[in-house]
Amino acid sequence: MVVINYFIDSTNGLDTNNGLSSTSAFLTIEHAISVAADNDNIILMPGTHTYNLGVITKNNITIRGLDTNTCILALASSDYYICIAINT
């Protein structure tokens, strides 16, 4: 099994990028989830990211912040929560 890291940059990313590095990051978490497969990682670059909550139909996708001090995830619904693993 190959695990792929997809990068999200809420300032400079584009959903037409391939998302495979910080310099070719996607813009939205939603797009990364649509591209990701089971067990892939979604890595949030520093900045504020908004996630419009929906059903994720893939298994074991990890969403985490790259920088513990400057990465914020804002949820679009108060009915759900997400835990972001912090790099240590």
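Is Ile4 buried, exposed or partly exposed? Ile4 is partly exposed, at a relative accessible area of 30%; here buried stands for under 20% relative accessible area, exposed for over 50%, and partly exposed for what lies in between (1.4 Å probe, protein chains only). The model is predicted, so local features need pLDDT of at least 70 and side-chain atom pairs count only at pLDDT 80 or more, while totals for chains, interfaces and linings use all residues. Residues are numbered from 1 along each chain as its sequence is written, and side-chain values use heavy atoms, with hydrogens and water left out.

**Overall architecture**

- The protein chain has 1 helix and 6 strands, where helices (H or I, at least four residues) and strands (E, at least two) are DSSP runs numbered from the N terminus.
- Read from the N terminus, the order of elements is β-α-β-β-β-β-β.
- The protein chain has 88 residues, of which 30% count as buried.
- Among contacts in the protein chain with a separation of 6 or more, 34% come from residues 24 or more positions apart; a contact means heavy atoms within 4.5 Å.
- The protein chain exposes about 5,300 Å², and 52% of this is supplied by carbon and sulfur atoms. Accessible areas come from the Shrake-Rupley method with a 1.4 Å probe, and for residues only the protein chains shown count as cover.

**Nonpolar core**

- The largest nonpolar core has 13 residues, and those with the most contacts inside it are Ile8, Ile29, Ile33, Ile42, Leu44 and Ile63.
- S1, helix H1 (29-35) and strand S2 (41-44) each supply at least two residues of this core.
- H1 gives the largest share of this core, 3 residues.
- A nonpolar core is a set of buried Ala, Val, Leu, Ile, Met, Phe, Trp, Tyr and Cys residues joined through side-chain atoms within 4.5 Å.
- In soluble globular proteins, nonpolar side chains tend to be buried together.

**Strands S1 and S2**

- S1 and S2 pair in the parallel sense over 4 bridges; strands count as paired if DSSP finds at least two bridges between them.
- Within S2, Leu44 is the bridge partner of Ile8.
- S2 is covered on both faces, with Asn41 and Ile43 buried on one side and Ile42 and Leu44 buried on the other.
- In a regular strand the side chains alternate between the two faces of the sheet.

- Ile4 is in the segment before strand S1 (5-8).
- Val2, Ile4 and Leu20 make a nonpolar surface patch of about 280 Å².
- Patches are made of residues with over 30% relative accessible area and no salt bridge, with like charges joined within 9 Å and nonpolar side chains (Val, Leu, Ile, Met, Phe, Trp, Tyr) within 5 Å. A salt bridge is a side-chain nitrogen of Lys or Arg within 4 Å of a carboxyl oxygen of Asp or Glu.

**Loop between S1 and H1**

- Thr16 lies in the loop between S1 and H1 and is exposed, at 74% relative accessible area.
- Thr16 and Phe26 are 10 residues apart in sequence, with their C-alpha atoms 7.1 Å apart.
- Asn18 is also placed in the loop between S1 and H1 and counts as partly exposed at 43% relative accessibility.
- Leaving out residues up to four places away in sequence, Asn18 touches Tyr6, Ser24 and Phe26.
- Asn18 and Phe7 are 11 residues apart in sequence and 9.0 Å apart from C-alpha to C-alpha.

**Helix H1**

- Glu30 lies in helix H1 and counts as partly exposed at 26% relative accessibility.
- Not counting residues up to four places away in sequence, Glu30 touches Thr50, Tyr51 and Asn52.
- Glu30 and Asn52 are 22 residues apart in sequence and 7.5 Å apart in space, C-alpha to C-alpha.

**Loop between H1 and S2, and Asn60**

- Asp40 sits in the loop between H1 and S2 and counts as buried at 2% relative accessibility.
- Apart from neighbours within four places in sequence, Asp40 is in contact with Val2, Val3, Ile4, Tyr6, Asn60, Ile61 and Thr62.
- Asn39 is in the loop between H1 and S2 and is partly exposed, with a relative accessible area of 25%.
- Asn39 is not a glycine, yet has a positive phi of about 75°.
- Asn60, also not a glycine, has a positive phi of about 60°.
- Asn60 is placed in the loop between strand S3 (47-51) and strand S4 (62-65) and counts as exposed at 56% relative accessibility.
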